[in-house]
Amino acid sequence: MREDDSNWFAGWEKELPSQLQLPSSQANSRVVWSQQLHERFLDAVEHLGINHAVPKRIMEFMDVDGLTRVEVASHLQKYRLYLQKMHEDDLMHAGVGSIS
């Protein structure tokens with residue numbers, strides 16, 4: 001083994017292209033789902049049906065400038081998890097999930 005091979009990773013940061021720098025905070029801005037925006041989302045999901053609601057169709061129905069598919073997909077995922085938790089809580093309160 002050559003001496004320079006033993007420390008092959010020492011200068012890897014210098015070899016990275018400049019375009020791999022961390023994105024600016026502007027690129028990482030996130031959507032704040034106001035009550036009005038969330039209600040438009042709920043209207044879209046209700047119109048499409050929860051099982052047929054997909055981000056692209058929700059976006060088309062909502063017709064909000066600047067909203068991305070990724071943002072809608074994330075919100076839809078959180079909303080489905082919320083519905084699932086509410087359903088599980090209802091089952092627990094009804095005694096269906098308890099073992100006697």
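A nonpolar core is here a set of buried Ala, Val, Leu, Ile, Met, Phe, Trp, Tyr and Cys residues joined through side-chain atoms within 4.5 Å, where buried means under 20% relative accessible area, exposed over 50% and partly exposed in between, with a 1.4 Å probe and protein chains only. The structure is a predicted model, in which local features need pLDDT of at least 70 and side-chain atom pairs count only at pLDDT 80 or more, whereas totals for chains, interfaces and linings use all residues. Residues are numbered from 1 along each chain as its sequence is written, and side-chain values use heavy atoms, with hydrogens and water left out.

The largest nonpolar core consists of twelve residues, namely Leu37, Phe41, Ala44, Val45, Leu48, Ala53, Ile58, Met62, Leu67, Val72, Leu76 and Tyr79. At least two residues of this core are supplied by each of α2 (35-48), α3 (55-62) and α4, helices being DSSP runs of H or I with at least four residues, numbered from the N terminus. Five residues, the largest share of this core, come from α2.

Tyrosine 79 and tyrosine 82, in contrast, form a stacked pair, since their ring centres are 6.4 Å apart and their planes lie at 25 degrees. These two tyrosines, tyrosine 79 and tyrosine 82, are three residues apart in helix α4 (residues 69-94) and therefore separated by about one helical turn. Trp33, Phe41, Tyr79 and Tyr82 together form one aromatic cluster. Within this group, phenylalanine 41 is buried at 0% relative accessibility and tyrosine 79 is buried at 19%, whereas tyrosine 82, at 46%, is partly exposed.

Contacts (heavy atoms within 4.5 Å) were also examined. Not counting residues up to four places away in sequence, tyrosine 79 touches His38, Phe41, Leu42, Val45 and Ile50. Histidine 75, likewise found in helix α4, is buried with a relative accessible area of 14%; leaving aside neighbours within four places in sequence, histidine 75 is in contact with Trp33, His38 and Phe41.

Note on methods. Rings of Phe, Tyr and Trp (its six-membered ring) pair if their centres lie within 6.5 Å; planes under 30 degrees apart count as stacked, over 60 as edge-to-face and the rest as tilted.
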